[in-house]
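Please consider the model shown below, together with its sequence.

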Amino acid sequence: MKRRIAREKALQILFSLDNEEYDVTTTIEYSLTEEEHDPFLLDLVQGVVDKKEEIDEKIKQHLVKWSLSRLAVVERTLLRIATYELFYLKDAPESVVINESIEIAHVFGDDKSGKFINGVLSKML
């Protein structure tokens with residue numbers, strides 16, 4: 001599975017988890033076919049779930065005039081995925097992680113999501 005697709009699928013799974021109190025394993029099983037169980041995708045999902053409090057603190061430090069709870073779920077989830085990748089995985093260049101997050105924001109978010117994501121992630125670095 002290409003990393004772009006893995007990031008999109010991670011967004012969808014984590015979006016579901018953020019909106020409902022689902023179990024991670026059940027959500028993954030429900031959301032993915034057997035062929036889609038990609039190690040990178042599973043690492044993104046489980047990593048964001050495991051490090052959520054730390055990730056949220058990192059994001060909060062770089063939000064100006066926003067609280068994490070006021071963010072759209074898509075933007076909040078994309079920021080969590082990118083923050084996990086940037087600070088915990090470190091196996092992709094920072095520019096790639098940011099660009100992928102912006103592109104996915106354009107697909108799943110609104111017109112301003114990409115710019116917002118870019119601003120917050122750039123401040124983090």
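Predicted model: local features only at pLDDT ≥ 70, side-chain atom pairs only at ≥ 80, totals over all residues.

The largest nonpolar core comprises 38 residues. Within this core, the residues with the most contacts are Val-45, Leu-79 and Leu-121. At least two core residues come from each of α1 (3–19), α2 (24–31), α3 (39–50), α4 (52–60), α5 (73–89), α6 (94–108) and α7 (113–124). Helix α5 gives the largest share of this core, namely eight residues.

The surroundings of Leu-121 may be examined in detail. When residues up to four places away in sequence are not counted, Leu-121 touches Leu-79, Ala-82, Thr-83, Leu-86, Ile-98 and Ser-101. With a relative accessible area of 12%, Ile-102 is buried, because buried means under 20%. Apart from its neighbours within four places in sequence, Ile-102 is in contact with Gly-114, Ile-117 and Asn-118. The C-alpha atoms of Ile-102 and Asp-18 are separated by 20 Å, and these two residues stand 84 residues apart along the chain.

The aromatic rings come next. A pair of aromatic rings is described by the distance of the centres and the angle of the planes. In this model the count comes to two aromatic pairs. Trp-66 has a relative accessibility of 39% and so counts as partly exposed.

Tyr-84 and Tyr-88 form an aromatic pair that is stacked, with 5.6 Å from centre to centre and 20 degrees between the planes. Both residues lie in helix α5, and because they are four residues apart, about one helical turn separates them.

The charged end of Arg-70 is placed over the ring of Trp-66, 4.3 Å from the ring centre. Likewise, the charged end of Lys-58 sits over the ring of Phe-87, at 4.8 Å from its centre.

The empty spaces complete the picture. Rolling a probe the size of a water molecule over the atoms shows where empty space is left. The count comes to one cavity of 30 Å³ or more, and the largest cavity holds about 40 Å³ of space. Its lining is made up of Arg-7, Leu-78, Ile-81, Ala-82, Glu-85, Val-97, Glu-100, Ser-101 and Ile-104. The elements that give two or more residues to this lining are α5 and α6. Two of the lining residues, Ala-82 and Ser-101, are also touched by Leu-121.

The largest pocket has a volume of about 240 Å³. Among the residues that line the largest pocket are Leu-14, Leu-17, Asp-18, Tyr-22, Val-48, Val-49, Lys-52, Thr-77 and Arg-80. At least two residues of this lining are supplied by each of α1, α3 and α5. The largest share of the pocket lining, three residues, comes from α1.

Conventions. Residues numbered from 1 in each chain as written. Heavy atoms only, no water. Core = buried A, V, L, I, M, F, W, Y, C linked by side-chain atoms within 4.5 Å. Buried < 20%, exposed > 50% of the residue type's maximum accessible area, 1.4 Å probe, protein only. Contact = heavy atoms within 4.5 Å. Phe/Tyr/Trp six-rings, centres within 6.5 Å; stacked < 30°, edge-to-face > 60°. Lys NZ or Arg CZ within 6 Å of the ring centre and 35° of its normal. 1 Å grid on protein atoms, 1.4 Å probe; cavity = no way out; pocket = protein on both sides within 12 Å on 5 of 7 lines; lining within 4 Å. Points joined across faces, edges and corners; volume = space filled by probe spheres on them.
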